[in-house]
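Subject: Handover of a structure and notes on it

Dear colleague,

Please find the structure below. My notes on what was found in it follow directly after.

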Amino acid sequence: MKEQMQDTWAVPERVREGSPNPIADFDGFLRARHAAEVDPDGFWLGQTHRLLSWRTAPTVGLDGGYHTVKDGPFSWFADGTLNVTESCLDANLESRGDKTAILWEGDEPGDVRRISYRELHGEVCKAANALRELGVQKGERVIIYMGMVPEAAIAMLACARIGAIHSVVFGGFSAEALRDRVRDCGAELIVTQDEGLRAGRTVGLKSTVDAALEGEQGVRRVLVYRRTGGEVAWNPDRDVWWHESVGKQSPECPAEIVEAEHPLFILYTSGSTGRPKGVLHTSGGYLTWVTYTFRTVFDLRDDDVFACMADIGWITGHSYIVYGPLANGATSLMFESTPVYPDAGRYWDMVQRLGITIIYTAPTAIRALAAQGDDFVQKYDRSSLRILGTVGEPINPDAWKWYYDVVGEGRCTIVDTWWQTETGGMLISPIAPATPVRPGSATFALPGVAPALLEPETGRVLHGPAEGHLVMTRPWPGQARTVYGDHERYVSTYFSTWPGVYFTGDGCRRDAEGYHWITGRIDDVINVSGHRMGTAEFEAALIAHDAVAEAAVVGYPHDLKGQGVYAYLVLQPGHEASAGLEKALNGVVREIIGAVAKVDIFQFVPGLPKTRSGKVMRRILRKVAEGRGDQLGDTSTLADPSVVDAIREGARV
Ligand code: WTA
């Protein structure tokens, strides 16, 4: 029965009962939080010794911190050695070798593969041996550009097995975006597949790799997994079939033992300025973080079937499809298709067929499914479900309540987990059996996480109920250590707005009971359907078109996608606004960034609002795009105030 008090939802009985974990109720949470606060090093050393397989157990916790970050990365567990795949694979062989590690559902409903821990161990070792044979060495970079096939996870783990650094590039990025990333990280090898399959349609992946590598010298090998059997171009000096190269290898591969701070992966993500940056995560701290948060937040049980619907190309897929679940010996779903293929009942069909107990998805998907009506949900038996998770963007209370009432029938709790590519894993989130929840709130910081709210104008720390910039005052083991090849950019992006703390880029409100309500990005990052994109990337793509003289892009509230993309354009003389031009511009955006990127609204303007020093006043553009053009405040510092009237009049919201 649902108990509801002042908009707080108590943890349902079914979620509370029988929790096997140390944090099984709110007191347990408070105790852990206290322990992590008084002795963070001791707390995390204790957790990591308990949860991971170390070759040399670490004796030190944090070394360095935000005050020393200018001089180089801080570290966790620096004197420990390990290989993360030993925690994810070898450690599970004896106790659960036959348990399903990866439960794969292909594009067509019911096209299922179950890969046990023993099989996964063998496959990863084979792929690792193949990578070694193809010349990949410890510390070298491998790009993985694939769809949602188990081989993508196998390739990630194979890299980790030999101490190579993987960088997964989401399959929706274009050849140009892929080439940028290949260059930036200096990749030696790319793992891809012939084609991806999504909603009954094929997506060329090998062909995109071919286009990205045209004229490039760095990449020596392309390892190609055959998914569809579609035609692909072949460069015999460079291309190797997965089934030929991996197939013939031995299923044993000694793990390369590395130091705790050895890089595990680079993941590119968008920021407010410039090109995407390669966020770097290391081995021991990252694995500790995802292992701890996965089992704690989801209150993991032996027979759970965990279904994270994210793509492996994003951090959510890294942390909560691959590393977190496997290091805990869980069964983790990999889903190749979309929530609406063949219809809006797909998730719930899988819940019924596969006995899913925990589902983890994005608010965008929840809103899209809610819009299709309850029948698609109610047709299927969801009694196996215990926990419903969300991630990637703020969830509006209506969508939250639909998830809770219709999907979960009031039996399941919702964990609204706030975190970022840079944080490695969850930082602010309910702990399923312990935390009473409020619709739309990510609730409290996890043990060992120290958030603060700063007053935007002054940087003063705010106490009690307040709203401000969300920062973290102390490193946690899973925090990204640097931006690959550009530590200065790491320092300037995250540690210069407010010295001495980590700046998240998000705004947040804290209520009287200490619940956190993320209000969204306060920098120039837009979050479209849970995909993070930089306005600067859009602007660079748009001005690549001959017709465009100047471009400024902002986000605006969008009912389904959370945020939409609003572009203000000044055209070159001789060009005129037209539907055809808008289409062509989106073609360029697609070519430069990828299929994930699209401008929703174009507004052609005579000029952009600029200060006298030439800086675009984005605040004004955001207000107009939000439909609040009548609340612009002071515009007297503009070089030419008349452009504002034109912008307001021509607003397309
Ligand atoms: C947003 C995704 C509100 C936030 C794991 C953050 C959220 C950005 C939530 C990171 C949430 C993520 N509630 N907002 N539960 N989770 N965000 O790097 O703005 O793709 O800064 O990592 O997503 O996006 P990223």
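This is a predicted model: local features need pLDDT of at least 70, side-chain atom pairs count only at pLDDT 80 or more; totals for chains, interfaces and linings use all residues.

Residues are numbered from 1 along each chain as its sequence is written, and side-chain values use heavy atoms, with hydrogens and water left out.

Salt bridges

A salt bridge is a side-chain nitrogen of Lys or Arg within 4 Å of a carboxyl oxygen of Asp or Glu. The structure contains 39 salt bridges. In one of them E261 is joined to R481, with the closest N and O atoms 3.0 Å apart. This pair links distant parts of the chain, 220 residues apart: R481 is in the loop between β25 (466–472) and β26 (482–483), and E261 in the loop between β15 (258–259) and β16 (263–269). The helices (H or I, at least four residues) and strands (E, at least two) named in this message are DSSP runs, numbered from the N terminus. R481 counts as buried, at 2% relative accessibility.

A further salt bridge joins the side chains of R55 and E86 (2.7 Å, N to O). Because R55 lies in the loop between α3 (40–51) and β3 (62–63) and E86 in helix α4 (residues 84–96), the pair ties together parts that are 31 residues apart in sequence. E86 counts as buried, at 11% relative accessibility.

There is also a network of salt bridges, which links E105, R346, D349 and R353.

The open sheet

Seven strands form an open sheet with mixed pairing, in the order β7-β6-β19-β18-β20-β21-β22. Two strands pair if DSSP finds at least two bridges between them. Why is one side of β7 and of β22 left without a neighbour in the sheet? β7 (112–116) and β22 (413–417) stand at the edges and each has a single partner strand, so one side of each has no neighbour there.

Within this sheet, β18 (residues 305–308) and β19 (residues 331–335) pair in the parallel sense over two bridges. F306 stands opposite S332 in β19.

Yours sincerely

Key:
Buried means under 20% relative accessible area, exposed over 50%, partly exposed in between (1.4 Å probe, protein chains only).
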